[in-house]
Amino acid sequence: MICDVRLGDLGGQLTRQRCEDLLRNMPTETLLSIEAPFARGKLRVFEPTQAEVLAAAPLLATFYNDSHNSAMLTNTHQLNAAEVVESFQSLRAGGGRPFLLEQDGVLMGDADFRNVAGSEAEFAILIGSRAQQSRGLGTRYAAMMHIAALRVLGYESVYSTIIPVNIASRRMLEKLGYQLDQSLRAASFKDEEDDITMSIDWAQFKLAHTELLTQVVITARPSSPD
Ligand SMILES: CC(C)(COP(=O)(O)OP(=O)(O)OC[C@H]1O[C@@H](n2cnc3c(N)ncnc32)[C@H](O)[C@@H]1OP(=O)(O)O)[C@@H](O)C(=O)NCCC(=O)NCCS
């Protein structure tokens, strides 16, 4: 099923709103794919099948184990591919929504909604290669995922927690429309006392991403036997 918001309907019969309502009510094992153009190619953010997780795991492990990434993610030990696969499985088993990030078919990183509880979720993202960071990809992928969060996943509150030195992440979150959130609920996502917690302001998000909101294509992927 495709909700192509550029066309506004599917086959002239299904309105975008109706299409997104149908996607929202699909079984939780339905995998989403989100596509949008970018200055340097076509971006795709998608929920992987188990086979796709297995294929991506070695490169993802390399991404996680980069010293800068590991420090920003506060990972305490080096991960191997099997542990990456396990982390995807346990995230999904706990109701989370892990995604892979591609540019023109090349794996760029991963991102997820975790700690999903009703209409609340926590967001995290990694642009894996240091050479690909600070080139606009993180903001673009994150915005694509938040459009799905808004229109299909039904998350009313999305939180993100960062360490104070993670300037790139904080700036990316601000560009998305996140604001500092000092509520007890936001604080419950902290790992350390000095972590910074932010949450999305959807009105601000929509204002900041008006063009992307008209470009994104959200698709339900065929379920896989694996
Ligand atoms: C955080 C991360 C996802 C941001 O994605 P990105 O593609 O590197 O960032 P973008 O290019 O979209 O830039 C977003 C903003 O941050 C700024 N920025 C990017 N890298 C920066 C850096 N190293 N120092 C300071 N600001 C930086 C950009 O200039 C931009 O702001 P601007 O438009 O006002 O100039 C990415 O850097 C990353 O994966 N880092 C390691 C893992 C991590 O920290 N994950 C976040 C945990 S939620």
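Analyst: A residue is buried if 20 or more other C-beta atoms lie within 10 Å of its own, exposed if 12 or fewer, and partly exposed in between, with C-beta atoms placed from the backbone. This is a predicted model, where local features need pLDDT of at least 70 and side-chain atom pairs count only at pLDDT 80 or more, while totals for chains, interfaces and linings use all residues. Residues are numbered from 1 along each chain as its sequence is written.

User: How many helices and strands does the protein have?

Analyst: Helices (H or I, at least four residues) and strands (E, at least two) are DSSP runs, numbered from the N terminus. Going by that, the protein has 9 helices and 12 strands.

User: And what average pLDDT does the protein get?

Analyst: pLDDT is the predictor's confidence in each residue, from 0 to 100. Residues 5–13 stay under 50. Across the protein, 86% of the residues score at least 70, and the average is 91.

User: What share of the contacts in the protein between residues at least 6 apart in sequence join residues at least 24 apart?

Analyst: Two residues are in contact if their C-beta atoms, placed from the backbone, lie within 7 Å. Of the contacts between residues at least 6 apart, the share joining residues at least 24 apart is 61%.

User: There's a ligand here. Which element gives the largest share of the shell around it?

Analyst: A residue is near a molecule or strand if its C-beta atom, placed from the backbone, lies within 6 Å of it. There are 23 residues around the ligand, and M72, G138, T139, A168 and R171 come nearest. Elements giving two or more residues to the shell are helix 3 (67–72), strand 8 (120–127), helix 5 (137–153), strand 9 (157–162) and helix 6 (167–176). The largest share, 6 residues, comes from helix 6.

User: How many residues of that shell around the ligand are charged?

Analyst: Ala, Val, Leu, Ile, Met, Phe, Trp, Tyr, Cys and Pro count as nonpolar, Asp, Glu, Lys and Arg as charged, and the others, Gly among them, as polar. The shell has 11 nonpolar and 9 polar residues, and the charged ones number 3.

User: What about S33: which residue is its bridge partner in strand 12?

Analyst: S33 has a partner in strand 5 (residues 41–46), namely F46; strand 4 (residues 31–38) and strand 12 (residues 217–221) pair in the antiparallel sense over 5 bridges. Strand 4 and strand 5 also pair in the antiparallel sense, over 6 bridges, and form a hairpin with 2 residues between them. In strand 12, the partner of S33 is T219.

User: How far does helix 4 reach from its first C-alpha to its last?

Analyst: The expected span of a helix is 1.5 Å times one less than its number of residues. Helix 4 (residues 81–93) has 13 residues, with 18 Å expected, and its reach is close to that, at 18 Å.

User: What separates the C-alpha atoms of T49 and R221?

Analyst: T49 lies in the loop between strand 5 and helix 2 (50–65). It counts as partly exposed because it has 16 C-beta neighbours inside 10 Å. T49 and R221 are 172 residues apart along the chain, and their C-alpha atoms are separated by 9.5 Å.

Methods: Two strands pair if DSSP finds at least two bridges between them.
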